[in-house]
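Dear colleague,

Please find below the structure that I am handing over to you. My notes on what was found in it follow directly after.

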Amino acid sequence: MVDLAKPTAFRDLPQSVFLWRNFQVKVVFTVGGVDLSQSMGVPVSILDFVLMLQAVKVIVRREGRADIGLSDRGDQWSFSQHGELLRVRIRGLLDDGWVEGSCLVEEFEQLVDVCLADALRLMFWEQPALRQNTYLQTLVRQAAGA
């Protein structure tokens, strides 16, 4: 276990560092022409967001639906497959009802595969030393196998 109270090499930073308060971005997430990112309101951890989408892809393939949220907030995202379509619903920013969009399942899955690789590229561009991080290298291999 890494003691983050002490200086830690980029190589040794654990998964939690990347999923909570670091490496946050303003996400624009549009599905079927509907901006679902409006419900987030504030920047999110880029890895938390793309790993949520990765989990959705796997769960929806297996179960046909997924109810999931980001690690650092209590929001609820609902994904459900209806034939070739994927319906996405998320609570509005002020809990003023659901915001909904839909797209082809195939398009969503392609987006998810690209998102992880793009998130890692952005992080490595901003902080090249992160290329040596053990956890991120696992994600690089996962993205390459997508």
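Which residue in β8 does arginine 91 stand opposite? Arginine 91 stands opposite tryptophan 98 in β8. Before the details, please note that this is a predicted model, in which local features need pLDDT of at least 70, side-chain atom pairs count only at pLDDT 80 or more, and totals for chains, interfaces and linings use all residues. Residues are numbered from 1 along each chain as its sequence is written, and side-chain values use heavy atoms, with hydrogens and water left out.

The sheet

Helices (H or I, at least four residues) and strands (E, at least two) are DSSP runs, numbered from the N terminus. Two strands are said to pair if DSSP finds at least two bridges between them. Four strands form an open sheet in the order β5-β6-β7-β8, and their pairing is antiparallel. Because β5 (65-68) and β8 (98-104) stand at the edges with a single partner strand each, one side of each is left without a neighbour in the sheet. On average, and with direction ignored, neighbouring strands of this sheet are turned by 15° against each other. Axes here are lines fitted to C-alpha atoms, for helices over the stretch in contact, and angles run from 0 to 180 degrees between N-to-C directions.

Serine 78 in turn has arginine 89 as its bridge partner in β7. The antiparallel pairing of β6 and β7 runs over 6 bridges. These two strands form a hairpin with 2 residues between them, and glycine 83 in the turn has a positive phi of about 65°. Strand β7 (residues 85-91) pairs with β8 over 7 bridges, again in the antiparallel sense.

In a regular strand the side chains alternate between the two faces of the sheet. In β5, Ala66 and Ile68 belong to a covered face, while Arg65 and Asp67 belong to an uncovered one.

The helices and the core

Contact means heavy atoms within 4.5 Å. Helix α3 (residues 105-126) lies across β6, β7 and β8 and runs at about 95° to β8.

A nonpolar core is a set of buried Ala, Val, Leu, Ile, Met, Phe, Trp, Tyr and Cys residues joined through side-chain atoms within 4.5 Å. Buried means under 20% relative accessible area, exposed over 50%, and partly exposed in between (1.4 Å probe, protein chains only). The largest nonpolar core has 42 residues, and those with the most contacts inside it are Phe29, Leu47, Phe49, Phe79 and Leu136. The elements that give two or more residues to this core are α1 (15-19), α2, β5, β6, β7, β8, α3 and α4 (134-144). In soluble globular proteins, nonpolar side chains tend to be buried together.

Leucine 86 is placed in strand β7. Leucine 86 counts as buried because its relative accessibility is 1%.

Is lysine 57 buried or exposed? Lysine 57, which lies in helix α2, is buried, because its relative accessible area is 12%. A polar contact is a pair of N or O atoms within 3.5 Å; within protein, one must be able to donate a hydrogen and the other to accept it, and residues adjacent in sequence count only if both atoms are side-chain atoms. Such a contact, of 2.5 Å, joins the side chains of lysine 57 and aspartate 113.

Glutamine 54 also has its place in helix α2. Glutamine 54 counts as buried because its relative accessibility is 14%. Its side chain makes a polar contact of 2.9 Å with the side chain of glutamine 142.

The cysteines

A disulfide is a covalent bond between the sulfur atoms of two cysteines. With a disulfide taken as a pair of cysteine sulfur atoms within 2.5 Å, a search of the whole structure finds 0 disulfides. Cysteine 103 counts as buried at 14% relative accessibility, and cysteine 115 counts as buried at 19%.

Yours sincerely
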